[in-house]
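Hello,

Here is the structure I promised to pass on to you. Have a look at it first, and then read on for what turned up in it.

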Amino acid sequence: SRNAQDGKQKLFHVMEGKEMKKRTISILLAGAMTMAAVMGSTVTAFAGEEDTLEFYHGYYHDESEWPAAKVMRDIYDEFAKTHADGEVKFEPIAVENRDEIVSAEVAGGNFPDMVDCGLPLSLAAISQGLVLDLKPYIDENNLQDAVGLNYTQNDVDGHIYTVHDQLESRGLWYNTEVFEQAGITAEEAFKDWESFGAAMDKVHELGGDTYGYAAGQGSRYIINAVLASTEEGRELLKGELTPEGIESEAFAEAFKTAAKLDQANGSDHTTEDVGNLMDDFNKNGKAAVLFNGVWNASGIDAGLADKIESQIFPGNVSVVTAGSGHSISANLSEAETELALEFLAYMVSPEVQAKIFTGVQANPCNTTLDLKALAEESGDPITQKLAEACTQVNSAETVVTDLNYVWGSDVGSAIINALMESAVEGTDIDARFEQLKQELTALVA
């Protein structure tokens, strides 16, 4: 019949497309495994078959290097195990170059079966119709609360092409002992950014090795939070940075606020990677404040655990980003699509989300979870701190996306460089900002 013939033709194109994809991905996987061999790391890859749904993810790390990666692989493997006898097999594939694989596939007019993306989906992937719209499935199965912030932040003109099972959630952490020594309270310090600056001045007066905060990369979140405090600034964080945004008063105020705070904090405490100074806060107790994510709870030294508390940014602001996550090819067979969507539902289910919270130490996307109850059940003080931090960022009066995600890492790097230079005593902040505007204008042109 005509319908049967059309069905065979459609199946032929699906399988032909999968074969083309496999040839491209095999080359990239070979490169990844060669590099891994040189570096002494492990990449798990499996040869796909026509009846296999291949799922690429970035949790390739050894358990000793990053325990959370093993937790995530176990979650994936459990799903694969329970579907081993199904019409379609589920094959998780851990790779270091997942975003490179996606880019190469999209360039060839294809998309991997399913991938936990690290970088934002390209407009090319969406405009070519390569990625499945997940919103109909979410709506039909009442998964709005399960996907949480993804439902709004990842909405693209009424479509949802990606769902991240955990939220990148940032606020700050502070050392209560240092605050007490400086004669300041959290209520005073985090009222607004002017009060924060005054509090850091008092910390500076303590002398010795004690200082305010790790600036540079961390200070980018001051800009993020200051932008969130005004309507104009919040609008800038909703899309790509434009020449008009670069020239806006909101951006100027945000940058100069951060730069002045950094200069008072001192250039000795700036870094392009906050990880370089993290021990000063988490282990040595030298820094009063750390701008970092909720996951920082797991890095706190046991000896400081009772002295460190979480807080959101001045102005009742948090930076929470759903970001890219699970995306599915729009050109799978019906059976493969059904399995991929079932896996998506599995990843945002309360059972799996609880494992992500307690095992990965991340902020889960599912809003129905009682994080405090889960933390108390675990009996782990660190998990209890994590629960408190997650609750704070999730319930902030103003929640905005990380500017690095919406503006791009190249813009973020330029801003960090400008902040680090501005931290040097005597630097003309106004002049450095004018230079930054020229740099950013060239980047976004």
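**What was found**

Let me start inside, with a pairing between strands: Ser169 has Val320 of β12 as its bridge partner. Please keep in mind throughout that this is a predicted model.

Strand β12 covers residues 317-321, and five of its five residues are buried, so the strand is largely enclosed by the rest of the structure. Val317, Val319 and Thr321 point one way from β12, while Ser318 and Val320 point the other way. The strand has neighbours to look up as well. With strand β6 (residues 166-175), β12 pairs in the antiparallel sense over three bridges. With strand β15 (residues 398-400), the pairing is parallel, again over three bridges. There, Val319 has Val400 as its bridge partner in β15.

Next come the salt bridges, of which the count is 14. Which residues does Lys437 meet in salt bridges? One is Glu247, at 3.1 Å from N to O. This pair links distant parts of the chain, with Lys437 in helix α22 (residues 429-444) and Glu247 in the loop between α13 and α14, 190 residues apart. The other is Glu434, at 3.3 Å from N to O. Lys437 and Glu434 both lie in helix α22, three residues apart, which is about one turn of the helix. Through shared partners, the salt bridges join Glu247, Glu434 and Lys437 into one network. Lys437 is buried, with a relative accessible area of 11%, whereas Glu247 is exposed at 53% and Glu434 is partly exposed at 41%.

Another salt bridge joins Lys70 and Asp74, whose closest N and O atoms are 2.9 Å apart. Both belong to helix α2 (residues 67-82) and are four residues apart, so about one helical turn separates them. Lys70 is partly exposed, with 28% relative accessibility, and Asp74 is partly exposed too, at 37%.

Lys355 is partly exposed, with a relative accessible area of 42%.

Finally, on the surface, Asp51, Glu87, Glu334, Glu338 and Glu342 gather in a patch of negative charge. One of them, Glu338, lies in helix α16 (residues 334-347) and is exposed, with a relative accessible area of 56%.

Enjoy exploring!

Best wishes

Terms used: Residues numbered from 1 in each chain as written. Predicted model: local features only at pLDDT ≥ 70, side-chain atom pairs only at ≥ 80, totals over all residues. Heavy atoms only, no water. Buried < 20%, exposed > 50% of the residue type's maximum accessible area, 1.4 Å probe, protein only. Helix = DSSP H or I, 4+ residues; strand = E, 2+ residues; numbered from the N terminus. Pairing = 2+ DSSP bridges. Patch = residues over 30% accessible without salt bridge, like charges linked within 9 Å, V, L, I, M, F, W, Y side chains within 5 Å. Areas by Shrake-Rupley, 256 points an atom, 1.4 Å probe, with all protein chains shown as cover. Salt bridge = Lys/Arg side-chain N within 4 Å of Asp/Glu carboxyl O. Lys, Arg positive; Asp, Glu negative; His and termini not counted. Charge placed at Lys NZ, Arg CZ, Asp CG, Glu CD.
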